[in-house]
Amino acid sequence: MVDANTAVRPAPPLLPALGAMTSLQALVALALFAPGVVAPRAHIEVWQLSMFSCAVFAVGIPASFWGGGFIARMGSLRIASLCAAAIVISMALASLGSTAALLAAGLCLGLAFGPETPASAALLSRLVTSERRAFVFSVRQTGNQIGAVCGSLALPAIAIWLGPAWCYAAVGACALVAILLFERLRPAYAGKSAPLPQLDLRARLALVTGDRRIAMLALASMPFSAMQVSLNTVFVMLGTRELGLSHIEAGMALACAQAGGLVGRLGWGYVAMRLDASRMVLVVIGLGMAFCAALLGLDGASLGRTGQFAIAGLFGLTASGWNGVFIAEIARLAPQDRIGETTGAVLTASYAGLLAAPALVSVLDGVAGLGAALFALACLALCGTLALIWGGHDRAKQ
């Protein structure tokens with residue numbers, strides 16, 4: 001892999017790479033959440049948000065699945081620069097305001113969404129010891145919450161005072177700055193260019209199906225991802241339509257959820273590292289997100305403001321806090337010379353959940369409301385948790 005040239009020179013420092021890849025995920029999160037956060041002011045409907053999300057994930061799935069080879073060829077930080085460039089173009093398209101422009105923005109954003117996590121896994125796994133991997137990967141995954149919290153607090157105010165187009169412009173400007181950062185760091189982490197690995201479709205699928213533990217992680221990640229994207233994209237709409245919150249209050253509640261996710265990604269990673277029990281931590285997280293989603297979906301309006309904000313924080317702690325432990329577990333189980341490819345292949349299953357969730361939520365919203373959609377997702381998350389338990393039992397027998 002490009003980022004592993006330790007035989008020729010000392011390994012470059014971890015912190016700059018960790019900061020850069022965390023910043024990349026924050027940018028992707030900002031861009032992904034922007035339409036949902038500004039939806040009430042921009043008059044974007046739930047079906048349009050679903051269309052945008054589906055477009056992102058439809059492109060993100062193949063970009064993740066096949067991206068590992070390009071990471072090996074070009075290097076993680078060059079991929080990061082290309083991802084940031086895709087964000088700039090996506091936000092420019094979204095600012096046009098039409099449904100067609102929003103669709104095009106989603107398709108373009110998928111080119112950034114798909115490769116960014118495999119690129120981070122390929123780079124960071126070679127800069128960190130196995131004992132610290134779960135915590136370091138969890139720190140990196142806080143980029144999602146950093147971007148989401150900033151977006152939840154800043155974008156509604158920008159949309160109200162200046163207009164939705166300025167929200168997209170702010171995200172695009174941040175991405176331009178990030179390109180300069182990634183390109184400045186790139187020479188320190190670049191090695192000899194590697195040929196594209198000759199992995200066909202069957203070989204890539206075998207990276208997932210060849211190990212039952214990895215296969216169960218992939219299966220469980222589908223409903224977990226569906227829950228997470230639904231929290232991020234429609235929570236503001238749920239708050240304003242069914243929980244009795246104003247637009248600003250709903251944005252603050254979402255910020256509480258994302259702050260909970262930030263704490264969760266660090267906290268769960270630390271617990272997994274200390275106990276050496278990543279799968280059990282994921283089981284606890286799955287049970288927690290199912291409980292919170294069911295409670296908000298069935299009886300969220302009766303909780304009161306304090307209860308709603310508290311459950312939102314707990315919801316984010318679980319539904320947005322699982323990713324770091326999950327990615328670290330993939331890196332631990334994957335063949336060490338195929339971490340980028342294995343991560344991308346497993347994330348294909350995760351992204352399938354992301355792709356299906358908006359359509360499912362849109363259909364259920366039209367039939368029974370967003371609360372019912374959230375309860376259905378809670379049931380699916382419980383099924384994913386059972387898959388993790390079954391996979392852990394299978395490992396114990398082995």
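**Figure 1. Helix H12 in the predicted model, residues 323-333.** Helix H12 is mostly covered, with 10 of its 11 residues buried. The model shown here and in the other views is a predicted one. The buried positions of H12 begin with Asn323, Gly324, Val325 and Phe326 among them, and also include Ile327, Ala328, Glu329, Ile330, Ala331 and Leu333. Phe326 also belongs to the residues with the most contacts inside the largest nonpolar core.

**Figure 2. The largest nonpolar core of the protein.** This core has 126 residues. Ile87, Met227, Phe315 and Phe326 are the members with the most contacts inside it. Helix H1, which covers residues 14-42, contributes the largest share of the core, 17 residues.

**Figure 3. Surroundings of Met227.** Met227 is one of the residues with the most contacts inside the largest nonpolar core. When neighbours within four places in sequence are left aside, Met227 is in contact with Met289, Ala293, Phe315 and Ala319, and also with Leu377, Ala378 and Ala381. Phe315, a partner of Met227, is likewise listed among the core residues with the most contacts.

Figure 4. Helix H5 (133-161) and helix H9 (247-275) each supply at least two residues of the patch. The largest share, three residues, comes from H5. Leu153 lies in helix H5 and is exposed, because its relative accessible area of 51% is over the 50% cut-off.

**Figure 5. Overall architecture, as context for the close-up views.** The C-alpha trace spans about 60 × 50 × 35 Å along its principal axes. A compact globule of 398 residues would have a radius of gyration near 21 Å, so the 20 Å of the protein agrees with that expectation.

Figure 6. Of the 398 residues, 59% count as buried. Among contacts with a separation of 6 or more, 85% are between residues 24 or more positions apart. The protein exposes about 15000 Å², of which carbon and sulfur atoms supply 69%.

Notes. Residues are numbered from 1 along each chain as its sequence is written. This is a predicted model: local features need pLDDT of at least 70, side-chain atom pairs count only at pLDDT 80 or more; totals for chains, interfaces and linings use all residues. Side-chain values use heavy atoms; hydrogens and water are left out. Helices (H or I, at least four residues) and strands (E, at least two) are DSSP runs, numbered from the N terminus. Buried means under 20% relative accessible area, exposed over 50%, partly exposed in between (1.4 Å probe, protein chains only). The radius of gyration is taken over C-alpha atoms; the globule rule is 2.2 Å times the number of residues to the power 0.38. Contact means heavy atoms within 4.5 Å. Accessible areas come from the Shrake-Rupley method with a 1.4 Å probe; for residues, only the protein chains shown count as cover. A nonpolar core is a set of buried Ala, Val, Leu, Ile, Met, Phe, Trp, Tyr and Cys residues joined through side-chain atoms within 4.5 Å.
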